[in-house]
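Please read it alongside the display below.

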Amino acid sequence: MNNTNINTCIIKTKIGNFLIEAKNNKVTKIFPSNSSITNNISLSLFKLVSKEINYFLEGKRKSFSFTLQPEGTSFQKKVWKQIKKIKRGKTMSYLDIANKINSSPRAIGSACSNNKCLFIIPCHRVILSNGSIGEYVMGKNIKSFLLKLEKNSNDHLLL
């Protein structure tokens, strides 16, 4: 018998709506959604996630207090763990990450494209070796917005 308790909701942000999924009170997804219907926002975890994501997108928050449990392969989780080490306002290239974990830039890009926990696993901080920003699941404009937001945020105001 499977005792996994799965809940979902849609939250609204300044850059679009996001599907939030939680299993046993741990966030497994924060991913763009075309749906405009918000549901289950009454759960305290979803209220917290919504508040913190929106504060993050306003430049008022740099970390998150909820528990994340991303779903992926062991390789993807290894890549994501490395990406989470990139400090806010900084970037690292696919090649740099590949060299750190003895892989290829293409494999790093593939792991980024499978990241369903946007912002918390900050794949937007991963750029091309030549300094251009590269692709992003939400498009280059949103990636550029996130990078500028983090670089320009006033750190002494952030939680």
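How far apart are the mean positions of the positive and negative charges of the protein? The distance is 2 Å, taken between the mean positions of 26 positive and 8 negative charges. The model discussed here is predicted.

**Overall fold**

- The protein contains five helices and five strands, and from the N terminus on these elements follow the order β-β-β-α-α-β-α-α-β-α.
- The radius of gyration is 16 Å, which agrees with the value near 15 Å that a compact globule of 159 residues would have.
- The C-alpha trace extends over about 45 × 45 × 30 Å along its principal axes.
- When contacts between residues at least 6 apart in sequence are considered, 56% of them join residues at least 24 apart.

**Surface and burial**

- Buried residues make up 42% of the 159 residues of the protein.
- The accessible surface amounts to about 8800 Å², and carbon and sulfur atoms account for 48% of that area.

**Asn17, in a strand**

- Asn17 is part of strand 2, which covers residues 16-23.
- Asn17 has a relative accessible area of 18% and is therefore classed as buried, the limit being under 20%.
- A side-chain atom of Asn17 comes to 2.8 Å from the backbone oxygen of Ser35.
- Leaving aside neighbours within four places in sequence, the contacts of Asn17 include Ile10, Ile11 and Lys12 on the one hand, and Phe31, Pro32, Ser33, Ser35 and Ser36 on the other.

**Asn115, in a loop**

- Asn115 sits in the loop that links helix 4 to strand 5, the latter being residues 126-127.
- The relative accessibility of Asn115 is 2%, so this residue counts as buried.
- The side chain of Asn115 has a polar atom 2.8 Å from the backbone nitrogen of Cys117, and a polar atom of this side chain also lies 2.8 Å from the backbone oxygen of Ile121.
- Once residues up to four places away in sequence are set aside, Asn115 touches Phe31, Trp80, Ile121 and Cys123.

**Asparagines with a positive phi**

- Asn24 is not a glycine, yet its phi is positive, at about 50°.
- The position of Asn24 is the loop between strand 2 and strand 3, where strand 3 is residues 26-33.
- Asn24 has a relative accessibility of 43% and so falls in the partly exposed class.
- Asn102 likewise is not a glycine and has a positive phi, of about 60°.
- Asn102 belongs to the loop between helix 3 (94-101) and helix 4 (105-113).
- The relative accessible area of Asn102 is 75%, so Asn102 is exposed, the limit being over 50%.

- Asp96 is located in helix 3.
- With 38% relative accessibility, Asp96 is partly exposed.
- Asp96 and Leu146 are separated by 50 residues in sequence, and their C-alpha atoms are 20 Å apart in space.

Terms used:
Residues numbered from 1 in each chain as written. Predicted model: local features only at pLDDT ≥ 70, side-chain atom pairs only at ≥ 80, totals over all residues. Heavy atoms only, no water. Helix = DSSP H or I, 4+ residues; strand = E, 2+ residues; numbered from the N terminus. Buried < 20%, exposed > 50% of the residue type's maximum accessible area, 1.4 Å probe, protein only. Polar contact = N/O pair within 3.5 Å; in protein donor to acceptor, adjacent residues only side chain to side chain. Contact = heavy atoms within 4.5 Å. Rg over C-alpha atoms; globule rule 2.2 N^0.38 Å. Areas by Shrake-Rupley, 256 points an atom, 1.4 Å probe, with all protein chains shown as cover. Lys, Arg positive; Asp, Glu negative; His and termini not counted. Charge placed at Lys NZ, Arg CZ, Asp CG, Glu CD.
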